[in-house]
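Here is a short tour of a predicted model, written for a reader who likes to check contacts and distances. Please have the structure open as you read.

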Amino acid sequence: MSHRAVESVSHTVNGAQGIVDANLIKKLVEKLKTETDEIKQLVLDTLHYCMKVDTDQALAAQAIEVFTSLLGHGTWEIRGKAARDIMDISFPLEGKKRAVKVKCLPVLVKLLADSMFHVRAQAAGALMSIAITTEGKQESIREEQ
């Protein structure tokens, strides 16, 4: 129940900023490794709203690596939310560089053929964000070949 309350608070800018200011991002990222699928979805949503305010803590917590590991999840909702969160964390240049470094592009390219439209759309958004850089474009093209 507490995860749902934190997720609800994150819907407002002040709530998301409060979560960031309380340094909860690292703890939330760690929860993605151990929690049930239902809780993972709430945490991914919470991180989505928090990364609209600040991506630095998520980058420092190696969130992009955890999101990338969730791209192959059996639940389409988690795959889609992980791709969306990769898009969010990839808006700053450091996020784009990290996405290329951790090799999440090959997995995102594969998700373009996912059976669920929502997953394909989120993967395309993440790829668009990352491919703005030359390195991101080169890696995306490499994966298509």
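**The core.** The largest nonpolar core holds 41 residues, and Ile25, Leu47, Phe67, Ile86 and Leu108 touch the most other members. Helix α4 (residues 37-53) gives the largest share of this core, seven residues. Beyond its neighbours within four places in sequence, Phe67 is in contact with several residues, including Leu44, Leu47, Met51, Ile86 and Ile89.

**Salt bridges.** The count of salt bridges comes to eight. Three of them are worth a look together:

| Pair | Closest N to O distance |
|---|---|
| Lys81 and Asp45 | 2.8 Å |

Arg84 sits in helix α7 and Asp45 in helix α4, so their pair ties together parts 39 residues apart in sequence. Arg84 counts as buried because its relative accessible area is 13%, under the 20% cut-off. Asp45 is buried too, at 14%, and Asp85 is buried at 0%. Salt bridges with shared partners join Asp45, Lys81, Arg84 and Asp85 into one network.

**His48.** Where does His48 lie? His48 belongs to helix α4, and it is buried, with a relative accessible area of 11%. Its side chain makes a polar contact of 2.5 Å with the side chain of Asp88. Leaving aside neighbours within four places in sequence, His48 is in contact with Arg84, Asp85 and Asp88.

**Helix α8.** In helix α8 (residues 93-101), the buried residues are Gly95, Lys96, Arg98, Ala99 and Val100. After α8 comes Lys103, with a positive phi near 60°.

Conventions: Residues numbered from 1 in each chain as written. Predicted model: local features only at pLDDT ≥ 70, side-chain atom pairs only at ≥ 80, totals over all residues. Heavy atoms only, no water. Core = buried A, V, L, I, M, F, W, Y, C linked by side-chain atoms within 4.5 Å. Buried < 20%, exposed > 50% of the residue type's maximum accessible area, 1.4 Å probe, protein only. Helix = DSSP H or I, 4+ residues; strand = E, 2+ residues; numbered from the N terminus. Contact = heavy atoms within 4.5 Å. Polar contact = N/O pair within 3.5 Å; in protein donor to acceptor, adjacent residues only side chain to side chain. Salt bridge = Lys/Arg side-chain N within 4 Å of Asp/Glu carboxyl O.
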